[in-house]
Amino acid sequence: MAAEIRENKCVVLKTRPGVESQPNDSNFALEKREVPPCNEGEILVKTLYLSVDPYMRCRMNEETGSSYLTPWPLGDPPTGGGVGQVIQSKSNNFKEGDIVESIVWPWQELVVFSGENPRLVKEESPYLCLKPSLLLGIVGITGLTSYTGIREKAHINSGSNQAMVISGAAGACGMAAGQIAKLDGCGMVIGICGTDEKCNYLTEELNFDFAINYKTTKDIAKQIQTLCPAGIDVYFDNVGGEISNEVIRCMNQNSHIVLCGQISVYNKDVPYPPLLPADIQTILSNKNITRDRFLVLNYMEKFPDAKKQLEAWVREGKVKNRETVVEGLENTGRAFVAMMSGGNIGKQVVRVADLTQ
């Protein structure tokens with residue numbers, strides 16, 4: 001089957017946007033290349049879905065500013081989360097039809113992996129094999145990030161009536177974090193996002209107690225204080241910037257910030273995590289608020305059990321999943337740009353090919 005395929009479409013990084021500029025479609029280009037040969041010990045995989053995520057923005061720069069992320073080379077396909085189906089195998093570890101996933105998946109239709117690649121995982125769950133996009137979102141690294149962030153950094157005590165605020169709440173991590181927090185016994189969850197449609201989805205479908213549209217709310221801190229006069233105990237921060245400053249002003253003594261992302265500064269040349277204004281840093285110090293950098297890859301030993309729990313919740317309907325799906329490999333760059341400007345609700349994925357049953 002694979003031998004009949006001669007053309008392999010790829011999306012490559014054509015130009016860098018500049019450290020302090022927004023990415024755009026012209027930074028990417030579609031190319032046609034030869035299908036890579038599948039040699040002994042290797043597998044040829046058809047890409048089914050690709051993930052585009054905020055952290056990728058720093059990989060467009062010559063320097064990522066991070067010790068664990070390398071820049072994308074110009075002229076090569078970017079890499080990130082991906083899931084696909086084996087169409088040719090010369091490895092004893094895989095067979096044709098297997099569903100595999102990786103966090104280093106190139107933006108191309110067909111990919112050759114070594115059968116010994118430690119970052120390539122064969123999916124064993126029949127349920128997830130039939131719903132492979134979930135492996136990039138709620139049951140993949142996104143869901144694992146939210147789950148681990150809540151369990152390791154939020155310090156939720158069931159029954160203690162704690163209150164949590166989540167910024168970027170209509171994104172994949174934010175949606176998952178809010179639902180997991182409620183399941184873990186958080187008393188009140190408030191989401192912050194950018195449209196009334198997103199706010200309504202959070203409260204009507206995902207069991208958030210309240211949602212705030214930051215684009216139409218003049219005073220976010222005042223609104224939080226009105227909704228939760230007892231103050232905020234946990235802040236799951238996906239955004240940073242002035243929104244986070246407003247939330248921090250409402251936080252209680254000995255409260256906790258889960259520093260998951262800072263999308264508001266990804267187009268700025270600042271360190272990560274960015275420094276806080278002096279008055280906000282004073283609040284953190286005086287109130288003993290924790291704000292530790294959170295990196296999900298430091299908790300990989302917890303992934304298997306966390307993934308089983310997330311799949312169980314999804315199958316039981318206790319955690320709902322929503323995706324914004326863009327069709328076609330050629331639109332991967334466009335999907336990334338749209339996601340960076342808030343054009344998605346839930347997990348942003350690109351569907352490259354259909355699953356072969």
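Angles of 65 to 115 degrees between two axes count as roughly perpendicular. The legends below describe close-up views of a predicted model.

**View 1. Helices α3 and α9 cross one another.** Two packed helices are described by the angle between their axes and the distance between the axes. The axes of α3 (residues 141-154) and α9 (residues 303-316) come within 10 Å and cross at roughly 105°. The two helices, α3 and α9, are therefore roughly perpendicular to each other. On the α3 side, the contact is formed by Ile-141, Gly-143, Leu-144, Tyr-147, Thr-148 and Arg-151; their partners in α9 are Phe-303, Ala-306, Lys-307, Gln-309, Leu-310 and Trp-313. Seven residues of this contact are nonpolar, three are polar and two are charged.

**View 2. The largest nonpolar core has 50 residues.** Ile-150, Met-164 and Ile-166 have the most contacts inside this core. Helix α4 (residues 172-183) supplies the largest share of the core, six residues. Leaving aside residues up to four places away in sequence, Ile-150 touches His-155, Ile-156, Met-164, Ala-177, Ile-180, Ala-181, Asp-184 and Phe-236.

**View 3. A second, separate core has 26 residues.** Among them are Phe-28, Trp-107, Phe-336 and Met-339.

**View 4. Helix α10 (residues 332-340) is mostly covered.** Seven of the nine residues of α10 are buried, namely Thr-332, Gly-333, Ala-335, Phe-336, Val-337, Met-339 and Met-340. These buried residues pack against the strands β2 (28-34), β3 (42-51), β14 (323-327) and β15 (347-351), and against helix α1 (56-59). After α10 comes Gly-342, with a positive phi near 80°.

Key: Residues numbered from 1 in each chain as written. Predicted model: local features only at pLDDT ≥ 70, side-chain atom pairs only at ≥ 80, totals over all residues. Heavy atoms only, no water. Axes fitted to C-alpha atoms, helices over the stretch in contact; angles between N-to-C directions. Helix = DSSP H or I, 4+ residues; strand = E, 2+ residues; numbered from the N terminus. Parallel < 35°, antiparallel > 145°, perpendicular 65-115°, else oblique. Contact = heavy atoms within 4.5 Å. Nonpolar A, V, L, I, M, F, W, Y, C, P; charged D, E, K, R; others polar. Core = buried A, V, L, I, M, F, W, Y, C linked by side-chain atoms within 4.5 Å. Buried < 20%, exposed > 50% of the residue type's maximum accessible area, 1.4 Å probe, protein only.
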